Protein chains: 2
Amino acid sequence: MGKETVNSNPISDSSHSPHSSNAPAEKDFIREFSRVFQLKNKPLLSGSEFDDCAAVRLSAFCRDLSSESLTFSTDTVRESTDFPAGMTLWQKGWMAAAVNLSDLAAMGSTPVAFLFSAGLPRGFTLEDTTQLAQGIQECVSFFGAEVIGGDTEYSEELTITGTVIGISNNKHLTLRKNAQPGDLLCLTGFAGSAGVALKVLLDQTSKVVSEAFLKNLSEPFPRIFEGKMLAESGAVNSMIDTSDGLASSVYELSALSGVFFEIDEQNLPLDGEALNIISSYLKNEDKNEKNDADNQEQRDTKAYDALISEALYTGGDFELLFTISPDKLSLVEELFRQFNTSAADRFSRLPSDGKSGRFPCKFTVIGKAIAEKENVILRHTGNGQKRYPLLKMGYDSFTKYI
Amino acid sequence: MGKETVNSNPISDSSHSPHSSNAPAEKDFIREFSRVFQLKNKPLLSGSEFDDCAAVRLSAFCRDLSSESLTFSTDTVRESTDFPAGMTLWQKGWMAAAVNLSDLAAMGSTPVAFLFSAGLPRGFTLEDTTQLAQGIQECVSFFGAEVIGGDTEYSEELTITGTVIGISNNKHLTLRKNAQPGDLLCLTGFAGSAGVALKVLLDQTSKVVSEAFLKNLSEPFPRIFEGKMLAESGAVNSMIDTSDGLASSVYELSALSGVFFEIDEQNLPLDGEALNIISSYLKNEDKNEKNDADNQEQRDTKAYDALISEALYTGGDFELLFTISPDKLSLVEELFRQFNTSAADRFSRLPSDGKSGRFPCKFTVIGKAIAEKENVILRHTGNGQKRYPLLKMGYDSFTKYI
């Protein structure tokens with residue numbers, strides 16, 4: 001655990017004290033975090049767990065100096081912008097780790113270590129600390145890494161910045177910039193489920209929804225194993241996660257690769273439960289009108305359109321969006337078949353409602369690179385097909401937030 | 001630059017939008033950060049600067065897999081608790097990097113790379129971003145490292161979490177736990193100056209103080225070069241920085257090493273300007289009383305006592321506190337002599353008022369390990385010596401803040 005390194009005056013006016021004198025001090029929080037974060041692989045650290053820095057023995061970290069790279073990513077989650085009402089502290093801890101791990105997943109990298117800096121608000125207790133720490137610990141540990149350090153300080157709102165460190169073979173880094181003309185555009189899991197789960201959490205009135213479905217939002221599941229498998233296969237030309245939304249991610253691949261895409265709307269992988277949830281919301285809105293077959297059909301269309309919009313333009317899904325050459329399709333299909341068999345044991349550690357939508361991991365070809373110079377969405381209508389521009393729209397904490 | 005990975009709904013009610021539609025979006029901030037953080041050592045990165053993770057080529061990072069460790073530390077600074085009024089954005093950026101680097105300095109480690117996650121408040125402009133980024137960049141660069149990644153998101157208040165990555169030979173890690181019975185207790189630089197500078201900044205009325213002096217607080221100077229020199233000398237048994245206050249750091253060494261210390265009060269390295277500032281405050285307070293010689297003597301004693309209190313119990317000094325065996329004293333004295341000659345060129349990059357108190361770097365023997373089982377302070381009085389318990393008091397963001 002790193003200690004606090006800020007400037008202030010310990011003998012200054014205590015009337016500003018954010019906590020009562022019985023509230024835990026920094027060292028109490030640090031002790032509780034340390035208790036939860038028991039290191040499994042002791043030789044990993046060459047220093048001591050009580051110093052300002054975690055010193056990680058390089059030889060424990062990797063195998064080959066000449067052909068490997070370390071990967072680093074850092075991300076912040078905070079109460080007002082990232083945690084919808086109803087999320088538990090365990091889930092907030094899990095999310096803080098998961099959003100960082102997802103960045104590594106998109107590079108096909110293997111996570112090794114995790115550090116965090118936790119800003120804890122007034123009234124935060126040691127029991128709260130335990131819950132938060134266990135969420136971090138279980139996520140980091142599930143994906144094969146260790147929590148090697150942290151820092152804690154007072155904050156107006158709960159704020160957790162994580163930093164994840166991973167390792168990759170230099171040949172197996174999947175970047176955003178290498179999408180090729182002719183590539184197929186592929187997506188893991190479902191699209192739009194996190195957006196629908198957010199609607200449910202923001203609307204406290206009617207919860208006709210499973211716990212498993214809400215986890216799409218509150219327990220994001222980084223595709224670490226799938227990302228690594230894809231990177232090592234050599235089949236993938238470019239990859240990104242969809243945390244800011246599918247359209248936003250398509251635009252990123254497009255801008256950096258100079259390749260444009262068409263998404264085939266009917267191939268977007270939608271979760272049936274997501275569609276049911278939207279339908280039931282629409283039904284509630286319509287309940288004063290006569291509920292005939294016409295209305296039902298209109299509602300179905302409206303629900304489908306709404307879910308397509310969530311799938312394209314809402315953040316929070318944390319799936320992998322990647323491109324492959326068409327001649328690699330059967331290889332990737334075979335890889336996912338093998339993965340879903342061989343990884344069954346690893347995923348048995350997840351509770352049954354934690355597997356839903358995560359394991360087995362499906363992947364879908366949702367589109368392809370096109371010759372035109374814009375990103376489009378292909379819609380199938382009764383009398384044929386229409387193509388619409390894909391909007392450059394997604395999550396941006398500066399322009400929109402919860 | 002890592003992108004934002006948070007959950008929200010881009011098509012939700014925009015009335016919550018924290019910025020006007022003309023305000024910069026996340027990508028604008030990222031672009032400005034990226035512009036400032038130009039990588040000097042291009043082969044360091046094996047990936048692309050546009051991905052979610054920075055991928056650092058291990059061979060560019062270090063020389064020897066079997067005998068080296070990576071060091072990691074993370075720390076947060078934020079507007080309400082760490083930035084007294086009057087600090088510039090450049091200084092806030094510098095501080096965000098410096099507090100992290102200081103943790104590496106205490107381990108004697110060499111910084112290589114830096115990542116940040118910046119929470120930017122309402123109204124933050126791209127010009128503000130430039131200032132902040134340049135402060136980070138200049139600090140990281142001065143100490144020989146590179147900014148390799150970052151992330152930015154909206155926040156109620158300016159909040160910067162940094163993560164620094166360094167490299168150390170396994171034999172040359174200076175920990176807190178190895179202080180030995182008989183050790184001398186040593187300190188770099190001055191003690192208490194940051195605390196006095198904070199008083200000046202909090203009290204806007206009378207500024208009889210140099211810009212250089214205020215930098216003690218607003219531009220903390222991590223002792224990276226000195227820490228590395230000390231670690232590589234093999235002379236140091238234990239080391240820590242004094243960011244939470246000298247007494248707090250003594251208690252840390254003591255608790256982890258099982259060794260107790262006596263600080264000789266008259267050996268504490270005090271800056272004459274700090275003493276003058278406190279005296280002038282006391283003089284202002286006394287101005288309605290008769291200003292005779294007696295009063296002056298009382299004021300001098302009171303000022304000295306106040307500065308000793310700042311030196312012991314105030315955070316923010318970021319000096320190195322270390323212990324050595326007495327037979328290593330002449331070696332360490334010689335090392336500092338050589339350092340202050342050989343490093344002159346490197347320090348010539350600092351503006352003249354940035355060198356004050358930082359370079360040349362003095363070090364002082366301020367005490368020693370003792371046989372008794374408590375940490376004490378030795379005070380010299382007119383008729384001899386008195387020993388007082390050293391209070392276990394220092395900066396804790398949960399119990400006190402600015």
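Me: Ground rule first: a polar contact is a pair of N or O atoms within 3.5 Å; within protein, one must be able to donate a hydrogen and the other to accept it, and residues adjacent in sequence count only if both atoms are side-chain atoms. Which side chain does a polar contact join to Glu219(A)?

Reply: The side chain of Gln91(A), at 3.0 Å. This is a predicted model: local features need pLDDT of at least 70, side-chain atom pairs 80 or more, while totals for chains, interfaces and linings use all residues. Residues count from 1 along each chain as written, chains are lettered from A and ligands numbered from 1 in written order, and side-chain values use heavy atoms, without hydrogens or water.

Me: Fine. Where is the place of Glu219(A)?

Reply: In chain A, Glu219(A) sits in the loop between helix H7 (211–218) and helix H8 (224–233). Helices (H or I, at least four residues) and strands (E, at least two) are DSSP runs, numbered from the N terminus.

Me: Is Glu219(A) buried or exposed?

Reply: Buried, at a relative accessible area of 9%. The cut-offs are under 20% for buried, over 50% for exposed and partly exposed in between (1.4 Å probe, protein chains only).

Me: What is Glu219(A) in contact with, leaving aside neighbours within four places in sequence?

Reply: Trp90(A), Gln91(A), Trp94(A) and Arg358(A). Contact means heavy atoms within 4.5 Å. Gly315(A) is 96 residues from Glu219(A) in sequence, and 14 Å separates the two C-alpha atoms.

Me: And Gln91(A): which helix?

Reply: Helix H4 of chain A, residues 89–107, holds Gln91(A). Gln91(A) is buried too, with a relative accessible area of 11%. Beyond four places in sequence, Gln91(A) is in contact with Gly86(A), Ser218(A) and Glu219(A).

Me: Switching to chain B. Which residue forms a salt bridge with Glu219(B)?

Reply: Lys215(B), with the closest N and O atoms 3.8 Å apart. A salt bridge is a side-chain nitrogen of Lys or Arg within 4 Å of a carboxyl oxygen of Asp or Glu. Lys215(B) is buried at 9% relative accessible area. Glu219(B) counts as buried at 9% as well.

Me: How many salt bridges over all chains?

Reply: The search of the whole structure gives 32. Four of the count lie between chain B and chain A.

Me: Now the interface. How many residues does the contact take from each chain?

Reply: Chain B gives 107 residues and chain A gives 106. The rule also finds 15 residue pairs in polar contact across the interface, both at pLDDT 80 or more. On the side of chain B that touches chain A, the largest share comes from strand S2 (residues 68–78) of chain B, with eleven residues.

Me: What forms a salt bridge with Glu252(A)?

Reply: Lys27(B), closest N and O atoms 3.7 Å apart. Glu252(A) is in helix H9 (residues 246–257) of chain A and Lys27(B) in helix H1 (residues 26–36) of chain B, so this pair joins two chains. Glu252(A) counts as buried at 16% relative accessibility, while Lys27(B) is partly exposed at 40%.

Me: And Glu252(B): which salt bridge partner?

Reply: Lys27(A), with 3.7 Å between the closest N and O atoms.

Me: Back within chain B. What pairs with Arg337(B) in a salt bridge?

Reply: Glu334(B), at 3.0 Å between the closest N and O atoms. Both lie in helix H12 (residues 329–342) of chain B, three residues apart, about one turn of the helix. Arg337(B) is exposed at 51%; Glu334(B) counts as partly exposed at 32%. Elsewhere, salt bridges that share partners link Lys27(A), Arg176(B) and Glu252(B) into one network.
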